[in-house]
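Let's take a friendly walk through a protein model. Have a look at the sequence and the 3D picture before reading on.

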Amino acid sequence: MHNLSLFVGLVLMYLSTLCNVTATDKLPKGFSIDLIHRDSPLSPLYNSSMTHWERVQSAALRSVGRVNRFRQSSSNNAAEISEQLTQTDIIPDDGSYLMKIFIGSPPVERWSVADTGSDLIWVQCSPCPQCYHQDVSLFDPTKSSTYKSESCGSRNCALLPQRQHKCGKSNQCLYLYLYGDQSKTVGDLATDSIGFGTSDGQSVSFPKSVFGCGHNNLGKFNRRMAGLVGLGNGPLSLISQLGNQIGRQFSYCLPPFNAKAATKLRFGEEAKISANGVVSTPMITNPNNPTFYFLNLEGITVGQQTVQIDERDRNIIIDSGTTLTLLRSSIYEQVETLVKKAIGADQWIVKNPQLNLCYTNFNSIKNVPNFEVHFKGANISLKSQHLFLLVSNDVVCLAMSPTDGDSIYGNIAQIDFDVEYDLDQRKVSFAPADCTKQ
C-alpha cells in the first residue's frame, strides 16, 4: 500500500509538471492566451440588454476618449500636476480587449484590460481605504508567499516616470497615476508571480513580475475589471518585463467586431507570422511618448487617388484598444472627400452624432472604393469591413474620424490581420488572415 501511494504521488507530480511552466523553464515555442473583446458574449463586460448600435456608439466615444488621453500624456506642463500626480499613459475603462491573469502564490484569477497604449500592470489590493467596487475580492498581498514590495531606491522604482512615484513612510516605492478624467490609482510598486492560462490548457507563470498593488483607486473604473495589463513599449510593460524570455515579440489576430469567438495573444516563437503576404514597417519610438508604438504613414490611396502625407504628420500610433482609426483633421478631410467622390451616392448620406460620414441604404451602393494604407515599406489593402461600421440595420459609417491629436490606427482597420510586434527588430508586420479560425 505504501509503494502504491508513493507511485500515485509521483504520477501526480509528473502530471503537474506537464501542465505548469515557470519562466525559469524552457519555453521552446512561446505560448498564447485568449484575448476577449469587451462586447463579446464571452466577456465579463457583455451586456445583453445593449443594442448593436449602443455598443458601436460606446466604442466610438471610447476612441475619442483615448485620443484625448494620448494627447494629454505628452504634456509636461507643471501646471497640470496636482498633488504629486500627473497625467499618465493609461486610462481606466477605454480598452477594447480583456485577458485573464493569475497573480500571487497561490495564484488568484483576475480579469484585466489588455492595453498596447499602457505600460504598468496593476490590480486592486487590500487593504483599500478608497477603492472602486469590483465584483471579486481584492487581491490580498499578505496571502501570497511570493509578494514583495519594492523599496524607494530600487531599480524598478526608478523605471516609473519621475513625477509618478514617491517614497512611502516605510521607504516603499509608491506609484501615483492620475487619468485624464481625474480617476486615479495609488499604491505600492511590488513584485509577485504573474501567470496565464495558455490556449492549449497549460499554464505559464513568471516569478518576480513588477506590478502596481493599488490601495487607493477612484473614478470611472469598471467593477468587473480588477486592473490593467500594459502591453506598451515602456520598461515596466508586460512585454518589456518578459523580454528575452519571449524574444521581445508578441502578436494578435482580431476577429470581426461581432464575432462570437476569442482571439489569441501570442508571445515568443508563437508570435511569428509565417503566412504568405507578410509586409513589415519600422516601429518608431517617440521620446515624448515612449509608451506608444508609432508607425510612419506615408499616404492613403482611395480609388485611383492618393493622399500624400506631410513629413511632420506621418507619425501614427498603432493601438489595439482604439476602435476607430483617427486621422489628423487635414488628412481626414482629404480622405473623406475621396471616399464620397468614389462612392458617388450623396443622396444616401445621413447625419450621425458620433461618426462623420454615414450612408443609409448601403446595400444598394456598388462603388465601394479600393483603399490602401501606405506605411513605410508596407502597403496594406483594406476591405469594406475595415472601412465601414454597421450602426443599424441599414446605416453604415466610415470607421474613421478627425482628430487634432496624434493619429491612431485603430482595431477595426486591423480586423482579420495577423499583427506582429518585434521589439528587437523594431518592426510591426501584417498578413491577411481569417481570425475566426485561429
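## Ground rules

This is a predicted model, where local features need pLDDT of at least 70, side-chain atom pairs count only at pLDDT 80 or more, and totals for chains, interfaces and linings use all residues. Residues are numbered from 1 along each chain as its sequence is written, and side-chain values use heavy atoms, with hydrogens and water left out.

## The big picture

The protein has 6 helices and 30 strands (DSSP runs numbered from the N terminus: H or I of at least four residues for helices, E of at least two for strands). Of its 438 residues, 55% count as buried. Buried means under 20% relative accessible area, exposed means over 50%, and partly exposed is in between, using a 1.4 Å probe and protein chains only.

Now for contacts, meaning heavy atoms within 4.5 Å. Take those between residues at least 6 apart in sequence: 69% of them join residues at least 24 apart.

A disulfide here is a pair of cysteine sulfur atoms within 2.5 Å, and searching the whole structure turns up 6 of them. Cys125 and Cys213 make one, with sulfur atoms 2.0 Å apart. Cys125 sits in the loop between β5 (122-124) and β6 (130-131) and Cys213 in strand β11, so this pair ties together parts 88 residues apart in sequence. Cys125 is buried at 0% relative accessibility, and Cys213 is buried at 0% too.

Cys152 and Cys167 form another, with sulfurs 1.7 Å apart. Its S-S torsion is about -85°, so this disulfide is left-handed. Cys152 is buried at 15%, while Cys167 is partly exposed at 45%.

Then there's Cys157 with Cys173, sulfurs 2.1 Å apart. The torsion here is about 80°, so this disulfide is right-handed. Cys157 lies in helix α3 and Cys173 in strand β9 (residues 173-178), so the pair links parts 16 residues apart in sequence.

Asn156 is in helix α3 (residues 155-158) and is buried, with a relative accessible area of 16%. Not counting residues up to four places away in sequence, Asn156 touches Glu150, Leu189, Thr191, Val210 and Leu236.

Ser209 belongs to strand β11 (residues 203-218) and is buried at 8% relative accessibility. Leaving aside neighbours within four places in sequence, the contacts of Ser209 include Thr191 and Gln241.
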